Amino acid sequence: MQSRFLPWPRVGAVALMAAVLAGTGLNSALAQDLKSFEQRITTKVLPNGLTLIVCERPEAPVFSYSTFIDAGDVNDPSGESGLAHMFEHLAFKGTSEIGTTDYAAEKVALAKVETANDAYEAEYLKPVGRDPQKLAALKKAVQDDEAEAHKYVVPNQFTEIAQRNGAEGLNAETGLDNTMYYWSMPENRLELWAYLESGRLADTVPREFYKERDVVMEERRMRTDSNPEGRLFEQFLATAYVAHNYGRSSIGWPSEVSQITATEAMNFHKKYYVGSNVVVSVVGDVKASEAMPLLEKYFSRVPAGPKPEEMTTVEPKQFAEKSITIHDPSQPIYMEGYHRPDYRDPDDAVYDAISDILSNGRVSRMYRSLVRDQQIAAEAAGVSPYPGDKYPSLFVFFAVPLPGHMPAEMAASIHKEIDKLRTTDVTDEELAMYKTRQRADLLRGLADNQGLANALAEYQTRYGDWRELFKQLDRVDKVTKADIRRVANQVFVTGNRTTASIETAPPAAPEKKDGDAR
Amino acid sequence: MMSPLKRIPLRARFVRTSSLLAVVSTLLIPAALPAQQQKPWEKIPIPALHEFKPQQPKRIDLKNGIVIFLQEDHELPFVSGSILIPGGSRDEDASKAGLIGLYGQAWRTSGTAKMNGDQLDDLLESKAAHIETEGSEDSTSLAWDSLKADADQVFSLAFDLLLHPSFSAEKLQLAQQQEATGIVRRNDDEGEIAERESAKLVYGANSPYTRQPELSTIGAVSVADLKAWHDSTIGGKLIIGISGDFDPVAMEAKMRTAFGALPPVKPTPARHDVFPPPKPGVSFINKEDVNQSNVEIVGLGTDRHNPDVPTLAVMNEILGGGFASRLFQKVRTELGLAYAVGGGFGAAYDHPATFRVEVLTKSASTVDATKATLAEIESLNNRPVTEEELKRAKDSILNSFLFRYDTRDKVLAERVRLEFYGYPADYLETYKANLEKVTAKDVDAVAKKYIHADKLALLVVGNGPEIKPPLEDLSLGAPRPVDITIPQPSKGSGAPGAAEKEQ
């Protein structure tokens, strides 16, 4: 069932890909598929460390690709939240060949912009003695240098080339854990695509950076500041985490993202956009024997480099229950989260089973309890992992109250469902249903080039082998009723809980004259 | 399992806002330019596209007027189907606005005389199968899907739901509660407000295309209303689409038997809507918990019978269709005033769509961004389309045309759609051929014919006190406040649990 109200992190094509046993038809179909995929998939690790995956699916003369970078906003350095996402925007600005009329001159001009911006920033950040006049002059200097650099720019040429060659669904996504670039194209543009994609990975030019930073600030206003749920989620995570970067605004705190520099973005690129940190997958009407040499030629341009060091921070055990309430003009919402381990945990599939049994469809426990029987919520679910999967994350419950019902009622009912999980085994039917549905969903996902490209790249990155997309079914298969009770008792405890809610308050009169309309 | 990643799409909105068609590809062989002018990417060979003839579904015309399309696809062991039924929310009684939404939910959740909705849920989910019903503006639908092995059983259940639904008061009430939740929350998100209220500026607040369900109108809907609706529409011209891993001979026989037994279809009554143009000027909705304005610039669009539609599609691409469009280049890339900016002249199948351009910008730049956006719209009238712009737009549309039918399900859906709206089966081919013929002059001419910036209506949703300079600086007259207060049902009406207070 789709969330009608919350832009909840949806189970994407990738996440569909988890599953377990059931009807024999399903099992044999999947077994066939793994075998057929073994034959249709070719992987290659280039000398620079970059992994290529080609999957032949010649249903129509098109292909989809996914470039998967094992770095996201969780990797943003302290004081630079939003950096990975900022860089992602930069990756659409072209290369030394694309988007410029004279790169040699532009490069000099861009260096001047950085110098001017550094001077401006130094003045801006002065704790005492900031000179407004000087600041204005420095700002003007930055703008003048930007205008000079802009003379060499052919705006949006990179995306223009892609789009006029038929790119469909061109986009990118920066998550906390990773960054993905993707689109689909007619198959006869494979080489053109390889040129474009390898170019932007290997040869990014930080042009028009400060204008793009303004664009990203608008994106923040749209997604977070001006959206009640966006505000709630940001505050919820900031409350749930004390040490790990999952608690930090992923699009960036306004004061930080508004001061990211092109130099910082390029340093991020240098560290994380190295071959060993990148997987590129292509699915569609391509022949590995022809495509692989072509891809190798282009993607060898990506610099080699050591796999970036892993993060040392591990979120410490939570001490006590935490709770926040946002008094907001919008209607109430309730959510609560419990810390859980990362995706490598042996119980990973157990969390999936719990989520499925609680939340998947009209048979789910939370729908039947809060929506159908008690009639206190329009929607209720428990999902995991949130906000990421690479590091220890949260199992999150939420409920959207019906008119006249309050967050406290949601909490009480959610806790009853949790108690049931802790004290009583789920039924055989529930467990079997989970396994059947997961298996079928995995199969359904195989008929989509883009979804498959994303999944292959993600599994290759996270497990070092795309086959895990199918093999994970073994883990799903092994989930028992006892596992569910055990995990529920471990994780769903008061001291591990963070709650967040919106409670409706009339709009605050903003100090104003306008005689507000309340 | 890998998880729901929290992702930030670069541009979740407006990837291609022109709702006009896009599709089948031609070869774009780089023109033979002098070598020194050729850019590196222009030297990359573009071979001929692999030959591709999209598989058309088999069409079956039953004597009773029902049309069936069968689309075989043996890649995966699934079978899915859908029944499209004429008649939707635009045809419902205004005093019961929301009826179709309730019907779409309660039809399925109530189930049949033999098996109630909850039992149906249990059975289907245990097989990872689905049967769902839905109501929309001009139609309702019943759709199912399952593994091949369960296909017969799931079809029987779906067919029984079509012929013998048992609308229950309990499930209607559940649907009413869901709807009520949506109603009391409809002013929480400014994007939702902007979209809804700008459509009302175009069509009028009481138009069948924009009137909104209220607590009182959904409260007025009874089980008898749902039954009456079902009985009145189910005899219409049904269009059936089946796709997946089935035996075509057996499936055809099965469908003929099932649907051939139904009485002759009743014709769909024609609609006689009138669409006066919107009143120009600026409307304003104050929302003080935001720091960004949603600006909507709207007017009346057209329908696809209009022979200018291919040219309008090219115009849309130039105005707001992608990274290279005038709006994107100016307002986002050059000025940095917006993340989301785009739009175009819409074309619906059987009534005028809207012209709609949207820009989201911080409160303080509302006037600047609006002016810049209006200027780009006006540029269609005063800055002739260049050959380069034309070529770029046509390349983008034509080279991605293929994605209109790169899966068998898309081909099937298109055929069903064309049949539903009475368009010829070769509509896409004709459309594409016409797109190829569009010239820069044609685009300038349609811009002159359809784009009149002074006749457009503007809506700003934003934080009034923060909008400085004020909207008066647009010089489009005093902003007209729009009241979006959610009406409370009169006491004693049946609306379920209304919120007590709204601003």
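This is a predicted model: local features need pLDDT of at least 70, side-chain atom pairs count only at pLDDT 80 or more; totals for chains, interfaces and linings use all residues.
B:Leu62 touches B:Ile68, B:Arg256, B:Phe259 and B:Gly260, leaving aside residues up to four places away in sequence.

**Around B:Leu62**

- You'll find B:Leu62 in the loop between strand S2 (58–61) and strand S3 (67–72) of chain B.
- B:Leu62 has 18 other C-beta atoms within 10 Å, so it counts as partly exposed; the cut-offs here are 20 or more for buried and 12 or fewer for exposed.
- B:Met255 sits 193 residues away from B:Leu62 along the chain, yet their C-alpha atoms are separated by 9.7 Å.

**Chain A as a whole**

- Chain A has 19 helices, along with eleven strands.
- For 518 residues, a compact globule would have a radius of gyration near 24 Å, and chain A agrees with that at 25 Å.
- Of the 518 residues in chain A, 55% count as buried.
- Take the contacts in chain A with a separation of 6 or more: 82% of them are between residues 24 or more positions apart.

**Where chains A and B touch**

- Chain A puts 106 residues into the contact, and chain B puts in 82 residues.
- On the chain B side, the elements giving two or more residues are strand S1 (8–9), helix H2 (117–126), helix H4 (169–184), helix H10 (326–334), strand S13 (354–362) and helix H12 (387–399) of chain B.
- H4(B) provides the largest share of that side, with seven residues.
- By residue type, the side of chain B that touches chain A splits into 39 nonpolar, 23 polar and 20 charged.

**Two crossing helices in chain A**

- Helix H13 (residues 348–359) and helix H16 (residues 428–445) of chain A have axes that come within 10 Å and cross at roughly 105°.
- Because of that angle, H13(A) is roughly perpendicular to H16(A).
- H13(A) makes the contact through A:Ala353, A:Asp356 and A:Ile357, while H16(A) uses A:Glu430, A:Leu431, A:Tyr434 and A:Arg437.
- The residues of this contact of H13(A) with H16(A) come out as four nonpolar, no polar and three charged.

**A two-sided helix in chain B**

- Look at helix H14 (residues 427–437) of chain B, where the buried residues are B:Leu428, B:Tyr431, B:Lys432 and B:Leu435.
- These residues cover an arc of only 100° around the axis, so they lie on the same side of H14(B).
- Turn to the other side of H14(B) and you'll see B:Glu429, B:Thr430, B:Ala433 and B:Lys437, which are exposed.
- The cover over the buried residues of H14(B) includes helix H9 (309–320), H12 and helix H13 (408–421) of chain B.

**An exposed lysine in chain A**

- A:Lys416 belongs to helix H15 (residues 407–423) of chain A.
- With 12 other C-beta atoms within 10 Å, A:Lys416 is exposed.
- A:Lys416 and A:Tyr391 are 25 residues apart in sequence, and their C-alpha atoms are 28 Å apart in space.

**Cis peptide bonds**

- In chain A, a cis peptide bond joins A:Ser384 and A:Pro385, with omega at about -5°.
- A:Pro385 is part of strand S9 (residues 377–386) of chain A.
- Over in chain B, B:Lys468 and B:Pro469 are joined by a cis peptide bond with omega at about 0°.
- B:Pro469 is in the loop between strand S14 (457–462) and strand S15 (480–481) of chain B.

**Positive phi without glycine**

- A:Asn156 isn't a glycine, but its phi is positive, near 55°.
- That residue, A:Asn156, sits in the loop between helix H5 (132–150) and helix H6 (157–164) of chain A.
- A:Asn156 counts as buried because 23 other C-beta atoms lie within 10 Å.
- B:Ser475 isn't a glycine either, and has a positive phi of about 55°.
- The loop between S14 and S15 of chain B is where B:Ser475 lies.
- With 9 other C-beta atoms within 10 Å, B:Ser475 is exposed.

Conventions
Residues are numbered from 1 along each chain as its sequence is written. Chains are lettered from A and ligands numbered from 1 in the order in which they are written. Axes are lines fitted to C-alpha atoms, for helices over the stretch in contact, and angles run from 0 to 180 degrees between N-to-C directions. Helices (H or I, at least four residues) and strands (E, at least two) are DSSP runs, numbered from the N terminus. Angles under 35 degrees count as roughly parallel, over 145 as roughly antiparallel, 65 to 115 as roughly perpendicular and the rest as oblique. Two residues are in contact if their C-beta atoms, placed from the backbone, lie within 7 Å. Ala, Val, Leu, Ile, Met, Phe, Trp, Tyr, Cys and Pro count as nonpolar, Asp, Glu, Lys and Arg as charged, and the others, Gly among them, as polar. The radius of gyration is taken over C-alpha atoms; the globule rule is 2.2 Å times the number of residues to the power 0.38. The arc is that of the directions from the helix axis to the C-beta atoms.
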